[in-house]
Amino acid sequence: LDGLVRITEAGKRTLWITFVVMAVASLIFLLMSFRQPAKARIFHHVTFFITATAAVSYYCMASGMGNAIIKAPGNHAFREVYYARYLDWLITTPLLLLDCCLLAGVPAAEIVLIILADIGMILTGLLAGVDDGRTTRWGLFTISCLFFLYVLWGLLFSARNTAFGKSDRVGKLYLGIAVYTAVLWIAYPVVWAFAEGTNSITGDTEVLAYAILDIAAKAVFGGWLLLAHENVEETKIQL
Ligand code: RET
């Protein structure tokens with residue numbers, strides 16, 4: 001195919017390295033869980049599933065699975081789109097939000113709403129990503145962003161108030177994690193706009209950008225959340 005943008009050996013290497021990082025992080029989170037009593041490991045389990053899912057996703061992508069050649073905007077332009085990412089995000093972003101909401105003490109009904117909006121965001125984003133190079137993709141992108149705004153509002157305002165309602169210590173811990181999460185998450189649609197959206201960066205640059213974001217938003221996030229929560233008694237949840 002003429003004008004096809006796809007990853008090279010360098011991109012493949014990035015995918016394999018990220019797979020290893022996610023697998024090692026999963027193992028560490030699993031080992032950390034044994035430091036807690038069996039009924040107080042919910043954060044560890046949720047966080048383990050986040051990096052473990054990412055590890056599987058990166059394993060597939062590095063092996064050349066989970067991608068499709070999609071017509072990109074412009075004449076004779078095609079791009080290798082990794083739809084496997086969206087399947088990963090469909091599972092991991094709800095779990096990341098669950099981690100945040102449980103830390104803040106958000107009521108179950110509101111957690112469900114925030115997660116539904118998040119699922120709407122990922123599914124419309126997937127449809128935008130595999131759209132055949134038409135303007136429809138920007139319509140879907142806009143809808144996805146509207147869902148995203150609801151998620152951000154829940155994270156930065158609603159859940160923050162709930163967390164500060166519990167105690168100042170929980171509030172401050174939550175706020176740090178929520179702001180960190182929001183800043184990283186906002187970078188995803190930005191990368192998307194340059195990659196799937198306008199086909200203006202190479203496949204390797206796209207892989208690297210998402211890899212850095214994924215490691216920060218899942219592995220670093222997870223380590224921070226688990227260490228911090230172990231030290232703040234009020235955030236502990238007994239099953
Ligand atoms: C898309 C494109 C459409 C518009 C928007 C998007 C947002 C994606 C986000 C992804 C977050 C992923 C994470 C992964 C794992 O760590 C789908 C890119 C708004 C916010 C945190």
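User: How much space lies in the second largest cavity?

Analyst: In this predicted model, the count by the rule used here comes to two cavities of 30 Å³ or more. For the second largest cavity, the space comes to about 30 Å³.

User: Which helix gives the most to the lining of the second largest cavity?

Analyst: The residues that line the second largest cavity are V5, R6, I7, E80, Y82, G203, E206 and V207. By class, this lining has four nonpolar, one polar and three charged residues. With three residues, the helix that gives the most to this lining is α7.

User: Which residues lie closest to the centre of the largest cavity?

Analyst: The largest cavity holds about 340 Å³ of space. Its lining is made by 22 residues, and the closest to its centre are W89, M121, I122, Y188 and P189.

User: Which helices each supply at least two residues of the lining of the largest cavity?

Analyst: Sorted by class, the lining of the largest cavity has 16 nonpolar, four polar and two charged residues. Several helices take part in this lining, and those that each supply at least two residues are α3 (84-104), α4 (108-130), α5 (136-166), α6 (168-197) and α7 (203-231).

User: What volume does the largest pocket have?

Analyst: The lining of the largest pocket is made by T53, V56, S57, C60, M65, G66, Y83, A84, L87, D88 and I91, with α2 and α3 each supplying at least two of its residues. By class, that lining divides into seven nonpolar, three polar and one charged residues. The volume of the largest pocket is about 160 Å³.

User: Are α2 and α3 roughly parallel or roughly antiparallel to each other?

Analyst: The axes of α2 (residues 42-62) and α3 come within 9 Å and cross at roughly 165°. Angles over 145 degrees count as roughly antiparallel, and α2 and α3 are therefore roughly antiparallel.

User: Is the crossing in which α2 passes α3 left-handed or right-handed?

Analyst: On the α2 side, the residues that meet α3 include F43, V46, F49, I50 and T53, while the α3 residues that they and others in α2 meet include A84, D88, I91 and L95. By class, the contact of α2 with α3 has 15 nonpolar, four polar and three charged residues. As for its handedness, the crossing in which α2 passes α3 is left-handed.

User: Why is α3 roughly antiparallel, rather than roughly parallel, to α4?

Analyst: The two helices pack with their axes 9 Å apart, and the angle between them is about 155°. That angle is the reason why α3 counts as roughly antiparallel to α4, the cut-off for this class being over 145 degrees.

User: How many nonpolar residues are there in the contact of α3 with α4?

Analyst: Helix α3 passes α4 in a right-handed crossing. Among the α3 residues in this contact are Y86, W89, L90 and T93, and among those of α4 are I111, I114, D118 and I122. The residues of this contact include three polar and one charged, while the number of nonpolar residues is 15.

User: Which residues of α6 make the contact with α3?

Analyst: The axes of α3 and α6 come within 10 Å and cross at roughly 160°, which means that α3 is roughly antiparallel to α6, and α3 passes α6 in a left-handed crossing. On the α3 side, the contact is made by Y86, W89, T93, L96, L97, C100, L103 and A104. By class, this contact has 14 nonpolar, two polar and one charged residues. On the α6 side, the residues that make it are V170, L173, Y174, I177, T181, W185, Y188, W192 and E196.

Key
Residues numbered from 1 in each chain as written. Predicted model: local features only at pLDDT ≥ 70, side-chain atom pairs only at ≥ 80, totals over all residues. Heavy atoms only, no water. 1 Å grid on protein atoms, 1.4 Å probe; cavity = no way out; pocket = protein on both sides within 12 Å on 5 of 7 lines; lining within 4 Å. Points joined across faces, edges and corners; volume = space filled by probe spheres on them. Helix = DSSP H or I, 4+ residues; strand = E, 2+ residues; numbered from the N terminus. Nonpolar A, V, L, I, M, F, W, Y, C, P; charged D, E, K, R; others polar. Axes fitted to C-alpha atoms, helices over the stretch in contact; angles between N-to-C directions. Parallel < 35°, antiparallel > 145°, perpendicular 65-115°, else oblique. Left-handed = near helix turned anticlockwise from the far one by under 90°. Contact = heavy atoms within 4.5 Å.
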